[in-house]
Amino acid sequence: MKELSFAIKNTIPIFFTYLFIGIAFGILMSDAGYGILLSTASAFFIFAGSMQIVMVPMMTSGASLISIAIMTFFINARHLFYGIGFIEQFRNMGWKKPYMILTLTDETYSLLCSVQYDPGLDKNKAAFLIAFLDHMYWVFGCFLGSCAGQFLDFDMEGIIFSATAFFLVVVVNQWRQQRSKLPFFVAVVCSAVFLLLLGKDYFIIPTLIACLLSLMLLRRSIETGEVSDDE
Amino acid sequence: MTNSVFYPIAVIAVTALVTWTLRAFPFLVFGNRPLPEMVHYLGRVLPPAIMTVLVIYCLRETSFAQYPFGIPEIIASLLVIVLQWIRGNMYLSIVTGTVCYMILIHLL
């Protein structure tokens, strides 16, 4: 089946990333006392790395479901914009359409945006297999990490840093892509203000709301900055 | 409530439902219509701000006032940034940074 080998070939980098971050998530979950079933279910149903990793400390501190929902909204709000480019393509995918929509992660999205389909390939089938393989890599990684955390007894203290490293990598990539650097400074200033005002346990949601409002207010200067960079 | 077996299940369900709603939103609302300008703009500038806040959120437990003064966090973070900047290999950056951090917290 040439679509399958095409999908495997194109998803290999994602395989390694998902496996490692999935394992880190599984170990985090198991360190926090949550079992294989919960880790695997999170991977299968949520399938959003950043939020799953943030969810663990929120869960251990007994955060309310409302604050979990708000946090999920902010962390995954970027997904609001991913579907826009695929409204046309997913329309003729029949039963696969809901699956394609619900599994559109950062990595699947960037791959589907950039992939060059070989001539003669069934494009819809190949796109579906890419989404499906990514999903399975993630479930497998989270499952493995959870098993490792439960049955292996090695010192994993500090594995939590993989979450920090993951977000740092994303920030570095975005820094290179974004023409206006203002959003990064807005984020640092808002975080600093609310960290000082509210402390480390309560600053995140007000900070995210403040970022949203500041960016709306700063729209003119950000867009002017982007234009002047072109000259 | 938070000690009940249902709490983690409820957390996972809420997280999944919000994530699904966000992913399905453009298909449900915009269909064929063009995006409002402000939404388009926010789609571009919000992700870098959110990710920057998340880095700070992850590092919130670091105490710079007492030993080891956040040194493991600082060194490991710089290593991740430099590696990602030079090599651009996400997997390499995350693994090296994490291993470096795990070694540093044992040494210091």
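Analyst: The following account concerns helix 4 of chain B and its setting. This is a predicted model, in which local features need pLDDT of at least 70, side-chain atom pairs count only at pLDDT 80 or more, and totals for chains, interfaces and linings use all residues. Residues are numbered from 1 along each chain as its sequence is written, while chains are lettered from A and ligands numbered from 1 in the order in which they are written.

Helix 4 of chain B has 18 residues and spans 26 Å from its first C-alpha to its last, close to the expected 26 Å (1.5 Å times one less than the number of residues). Helices here are DSSP runs of H or I with at least four residues, numbered from the N terminus.

Its buried residues are Met90(B), Ser93(B), Ile94(B), Gly97(B), Thr98(B), Cys100(B) and Tyr101(B). Buried means that 20 or more other C-beta atoms, placed from the backbone, lie within 10 Å of the residue's own, and exposed means 12 or fewer. These residues are on the same side of helix 4 of chain B because they cover an arc of only 165 degrees around the axis, taken from the directions from the helix axis to the C-beta atoms. The face turned away from that buried side carries the exposed His106(B) and Leu107(B).

The buried residues pack against helix 1 (2-31) and helix 9 (161-177) of chain A, together with helix 3 of chain B. Across the two chains, 56 residues of chain B are in contact with 66 residues of chain A, contact requiring C-beta atoms, placed from the backbone, within 7 Å.

Methods:
Helices (H or I, at least four residues) and strands (E, at least two) are DSSP runs, numbered from the N terminus.
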